[in-house]
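Please look over the sequence and the structure shown here before turning to the notes below.

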Amino acid sequence: MSRNERSALSRLGGTALLGVFLVTEVACATGRRVMASLTSNCHEIEAGVANEMIRDNPGILLLDVREDRDYTADLPHLRKAREIPLPDLPRRYRELAAWKKESIVIFSRDGTDAASACEFLSRQEFPYVSYVAGGMSAWMQGGYGRPSGRP
């Protein structure tokens, strides 16, 4: 391969690489817009903010999406929380219809499953859903104990 052929190939490779970066950036931007629209009604909140919401809104629904194995002495059941494990939520979310226009705070062990539940409920047109960042672990570490809300 001659020097000119290598130079032309190099320019072509650079152009192709630039094209790949541009396509990837456009795809990522589109993906971010889609994700933002899916989660626009789903909000991550800190344990302290959740505590204030629960304190100031006696009618708030506390939704605990942990599975049985996630309840321990360190991470106990929440008093007055509605318990629907995340795997059951797609089948049982209609049980929450009475709270469709009310605030819902979602708890899980570490916040991961709560985020998934929040996104799911948001897609089901529940407009006021939040999940606790860090889940019950953060809640208990913050010293908030067992919150009381409406079952």
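This is a predicted model: local features need pLDDT of at least 70, side-chain atom pairs count only at pLDDT 80 or more; totals for chains, interfaces and linings use all residues.

Residues are numbered from 1 along each chain as its sequence is written, and side-chain values use heavy atoms, with hydrogens and water left out. The protein chain holds five helices and five strands, where helices (H or I, at least four residues) and strands (E, at least two) are DSSP runs numbered from the N terminus. Read from the N terminus, these elements follow the order α-β-α-β-β-α-β-α-β-α.

- Of the 151 residues of the protein chain, 34% count as buried; buried means under 20% relative accessible area, exposed means over 50%, and partly exposed lies in between, with a 1.4 Å probe and protein chains only.
- The protein chain exposes about 9,000 Å², of which carbon and sulfur atoms supply 53%; accessible areas come from the Shrake-Rupley method with a 1.4 Å probe, and for residues only the protein chains shown count as cover.
- Among contacts in the protein chain with a separation of 6 or more, 71% are between residues 24 or more positions apart, a contact being heavy atoms within 4.5 Å.

**Sheet and helices packed on it**

- The five strands make an open sheet in the order β1-β5-β4-β2-β3, with parallel pairing; two strands pair if DSSP finds at least two bridges between them.
- Because β1 (42–45) and β3 each have a single partner strand, they stand at the edges, and one side of each is left without a neighbour in the sheet.
- The parallel pairing of β2 and β4 runs over four bridges, and Asp-64 has Phe-107 in β4 as its bridge partner.
- Helix α2 (residues 47–56) lies across β1, β2, β4 and β5 and runs at about 110° to β1, whereas α4 lies across β1, β2, β4 and β5 and runs at about 175° to β5; axes are lines fitted to C-alpha atoms, for helices over the stretch in contact, and angles run from 0 to 180 degrees between N-to-C directions.

**Nonpolar cores**

- The largest nonpolar core has 21 residues, of which Leu-63, Leu-89, Leu-96, Ile-104, Ile-106 and Leu-121 touch the most other members; such a core is a set of buried Ala, Val, Leu, Ile, Met, Phe, Trp, Tyr and Cys residues joined through side-chain atoms within 4.5 Å.
- Two or more residues of this core come from each of β2 (61–64), β4 (104–107), α4 (112–123) and β5 (129–132), and α4 gives the largest share, six residues.
- Apart from this core lies another one of 15 residues, including Ile-60, Leu-78, Val-105 and Met-136.
- Once neighbours within four places in sequence are set aside, the contacts of Ile-106 include Leu-63, Ala-117, Leu-121 and Val-132.

**Two residues in the loop between β2 and β3**

- Asp-70 is found in the loop between β2 and β3 (82–83), and it counts as buried because its relative accessibility is 13%.
- Not counting residues up to four places away in sequence, Asp-70 touches Leu-75 and Arg-109.
- Leu-75 also has its place in the loop between β2 and β3, and it counts as buried because its relative accessibility is 12%.
- Leaving aside neighbours within four places in sequence, Leu-75 is in contact with residues including Asp-70, Arg-109, Met-136 and Met-140.
- Leu-75 and Trp-139 are 64 residues apart in sequence, with their C-alpha atoms 9.0 Å apart in space.

**Ala-138**

- Ala-138 belongs to helix α5 (residues 135–141) and is partly exposed, with a relative accessible area of 21%.
- Leaving out residues up to four places away in sequence, Ala-138 touches Ala-47 and Ala-133.

**Salt bridges**

- The structure holds eight salt bridges, each being a side-chain nitrogen of Lys or Arg within 4 Å of a carboxyl oxygen of Asp or Glu.
- A network of salt bridges links Asp-70, Arg-109 and Asp-110.
- Glu-67 and Arg-69 meet in a salt bridge at 3.2 Å, N to O; Glu-67 is partly exposed at 25%, whereas Arg-69 is exposed at 65%.
- Arg-91 forms a salt bridge with Asp-88, the closest N and O atoms being 3.4 Å apart.
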